[in-house]
Amino acid sequence: MSNRLINETSPYLLQHAENPVNWYPWGLDAFTKAKLEDKPIFLSIGYSSCHYCHLMAHESFEDAQVAEILNRYYVPVKVDREERPDIDSVYMEVCTSLTGSGGWPLTIIMSPEQLPFFAGTYIPKDNSMGRMGLTSLLVSLADMWKNQRSKLLNTAGEVSRFLLSSGTAGSAKADDRFLKSAVEQLYRSYDEEFGGFGTAPKFPAAHNLIFLMRYAKLSGDKYARTISERTLQQMYRGGIFDHIGGGFCRYSTDREWLAPHFEKTLYDNAMLAYAYTEAWQEGHLPLYKEIAEKTLDYCLRELHCPDGGFYCAQDADSDGEEGKFYLFTPDEVENVLGSDTGRHFCECYDILKEGNFHGRNIPNLLINQRWRILPEGYDQLCEKLRNYRTQRCALFTDKKILTSWNGLMLMALAKAARAFNSSRYLSAAEELAEFLLSKDAGAKECGFENLTACMIDGKAKIPANLDDYAFTALGLMELSQICYAPGILKSAKALAEQIEAHFSDPKGGYFLSSDSAEVLIKRPKDLHDGAMPCGNSAAAVLFDLLFRMTGEFKWKKLLERQLNVICSHSESYPAGSTYALCALLSSCYPTQELVCVCSDIPEALDIILNQYSPELSILVKTPEIKDEIEAFAPFTADLEMKNSKSTFYLCSGGKCGLPINVD
């Protein structure tokens, strides 16, 4: 028998719609029931492609005994963290405060007033090795709710007071010393043997690599470039990269990058494609272009929605088994490719009889010392194996379209279109930009002020958060560097103005949710980067670009305020804000703004576009768009074509150099 989740659209919630647990979606009905029946709320937060979410569901939420306890003593509520990042942010802070760590599935038990008194992550059903299982925990807390409620409510009160008082700022300033502190922290955590930072598990954290590459270019610190390239190369060689179908898994469970958590997300692949494209721009190493293209092509093939936009993720599990879709045996490979070719393929990709992962194999190039020079024709062999595995078992795709992640994808496509001079990626970027901006109108039809955070089956559902505005605007700004339509710049600027109008915290920084969003026990505000950059970091980068390209000092003031807030809150761990520090680089090193005044785009601009110049931004002014460009960037009003030829003006430090004619 179905529960109330059957009427939801989130794939994650629908996965639990047939559970014997009487789940409620987050909302007034659940809270009213909890108050009327005097029951605590059991809140479970996860997402559809999460392996441990599946595991807890199979062990506990599909179990009649656990369901009977939950339904009798609690009001169970399910939340999709990707659909409601605001709820997830608040209660993840609770979990890390109480336990010192976090993750998904996130398990919260709280009062009907949403005040939490217990937090955890994955909890096995039964007691094991001295650890209380979910069944015993639920019975124990239900008894305390009945007989020792004051203890639980005291805990809830302490947690709530801590949440409201947390986030005290330090005294660090946004300057080059802070930059160097962040770099030194990354150097100390760098794994010289295998690349990446820290031990296991290892996350790609593309924003760290983007920051280090830019820092290396501007500061001349060659070691920053060395460790970035080493990490990019090792990730590609490992099993975290899908050598058969392209794209990256979410993280590696080991130091060597061999065994991934097999889930693939749009945000990881977008950020990594962006990082590999930037790596290619400096030195034009063909490998980096190949990896970027294979990653983007995976997204276009597997995650692109025919109606526009990109889906958010593909599952780690197939047929209830983690990684099954991606694993091979030598016999399978030889049956598909033929005996001799299959044997050589297995030697190249470490596919062994005994297996390198639970008796089967993750294709990788970690032991192949000739990893830069694969035999000719191997792309075709990988294509055969990709088609085979698609027929062998199914891979679930979460078809939510998340605006913030699509903004990252727009950044990646536009970057690749510019660097590789690719009309295919440019067309995809322009289509995505049109889709994201058309959602603006769709959001208003649903009663939202501007963007929507999430679309499912063509329907807007959730009002947009800070990340949605910031990353969409950054995607448009990136597109403006290859597609010179002034409407793109105007839209990006309008989104930035919405951030300041509806998300600003008078104490500094920006809240995750807007001033018209649902009121939670705390209005969430993320000032530190995680697996992907936070919205506050993205806002800093956005303000930096707007100041550089418009010359308007209001953006400089917002940038300076934003960087000071982020740095003061990251004083103990500057490396936790590397994406924001990409904007701080502009304050510490000279930037350049190139204005091309022309009738037709000169070929010389193509040469500039594919070079690695993180300090450079480009504006193009033609007679057709003259008025709009001057309205966006008033400093361009006096810049004209000279001698009836295309004319370049290179501006820096608020001053433009002498005009240079280009044939």
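Figure 1. Buried means under 20% relative accessible area, exposed means over 50%, and partly exposed lies in between. By that cut-off Cys651 is buried, because its relative accessible area is 4%. Cys656 is partly exposed, with a value of 35%. The model shown here and in every view below is a predicted one. A disulfide is a covalent bond between the sulfur atoms of two cysteines. The structure holds one disulfide. Cys651 and Cys656 form this bond, and their sulfur atoms are 2.0 Å apart. The torsion about the S-S bond is about 95 degrees, so the disulfide of Cys651 and Cys656 is right-handed.

Figure 2. Cys454 is buried, at 0% relative accessibility. For Cys483, the closest cysteine sulfur is in Cys598. The distance there is 14 Å, again too far for a bond. Cys483 is buried, with a relative accessible area of 15%.

**Figure 3. The surroundings of Val662.** Val662 belongs to strand β20, which covers residues 660–662. Its relative accessibility is 15%, so Val662 counts as buried. Which residues does Val662 touch, leaving aside those up to four places away in sequence? They are Pro602, Ala604, Lys645, Ser646 and Phe648. Tyr267 is elsewhere: Val662 and Tyr267 are 395 residues apart in sequence. In space, their C-alpha atoms are 39 Å apart.

**Figure 4. The ring pair of Phe248 and Tyr276.** A pair of aromatic rings is described by the distance of the centres and the angle of the planes. The structure holds 30 aromatic pairs. One of them joins Phe248 and Tyr276, and this pair is stacked. The ring centres of Phe248 and Tyr276 are 5.6 Å apart, with 15 degrees between the planes. The pair links distant parts of the chain, 28 residues apart. Phe248 is in the loop between α10 (222–237) and β6 (251–252). Tyr276 is in helix α11, residues 266–281. Both Phe248 and Tyr276 are buried. Ring pairs also build a cluster, made up of Tyr236, Phe241, Phe248, Tyr276 and Tyr288.

**Figure 5. Lysine charges over aromatic rings.** Lys264 has its charged end over the ring of Tyr298. The distance to the ring centre of Tyr298 is 4.0 Å. Lys525 holds its charged end over the ring of Phe511, 5.7 Å from the ring centre.

Figure 6. Trp104 and Pro105 are joined by a cis peptide bond, with omega about 5 degrees. Pro105 lies in the loop between α5 (85–99) and β4 (106–110). Another cis peptide bond joins Ala200 and Pro201, where omega is about -5 degrees. Pro201 is placed in the loop between α8 (176–189) and α9 (206–219).

Figure 7. Ala205 is not a glycine, yet its phi is positive, about 45 degrees. Ala205 is found in the loop between α8 and α9. Buried or exposed, which is Ala205? Ala205 is buried, as its relative accessible area is 12%. His358 also has a positive phi, near 50 degrees, and is a residue other than glycine. The loop between α14 (339–348) and α15 (378–392) holds His358. His358 is exposed, with a relative accessible area of 72%.

**Figure 8. The salt bridge of Asp379 and Lys294.** The count of salt bridges comes to 40. Among them is that of Asp379 with Lys294, whose closest N and O atoms are 3.2 Å apart. Asp379 lies in helix α15 and Lys294 in helix α12 (residues 286–303), so the pair ties together parts that are 85 residues apart in sequence. Asp379 is partly exposed, at 48% relative accessible area. Lys294 is partly exposed too, at 23%.

**Figure 9. Further salt bridges.** Lys493 and Glu552 meet through their side chains in a salt bridge of 3.3 Å, N to O. This pair links distant parts of the chain, 59 residues apart. Lys493 is in helix α19 (residues 486–502), and Glu552 is in the loop between α20 (535–550) and α21 (553–569). Lys493 counts as buried, at 13% relative accessibility. Lys621 and Glu630 also meet in a salt bridge, 3.0 Å from N to O. Both Lys621 and Glu630 are buried.

How values were computed
Residues numbered from 1 in each chain as written. Predicted model: local features only at pLDDT ≥ 70, side-chain atom pairs only at ≥ 80, totals over all residues. Heavy atoms only, no water. Helix = DSSP H or I, 4+ residues; strand = E, 2+ residues; numbered from the N terminus. Buried < 20%, exposed > 50% of the residue type's maximum accessible area, 1.4 Å probe, protein only. Contact = heavy atoms within 4.5 Å. Phe/Tyr/Trp six-rings, centres within 6.5 Å; stacked < 30°, edge-to-face > 60°. Lys NZ or Arg CZ within 6 Å of the ring centre and 35° of its normal. Disulfide = S-S within 2.5 Å. Salt bridge = Lys/Arg side-chain N within 4 Å of Asp/Glu carboxyl O.
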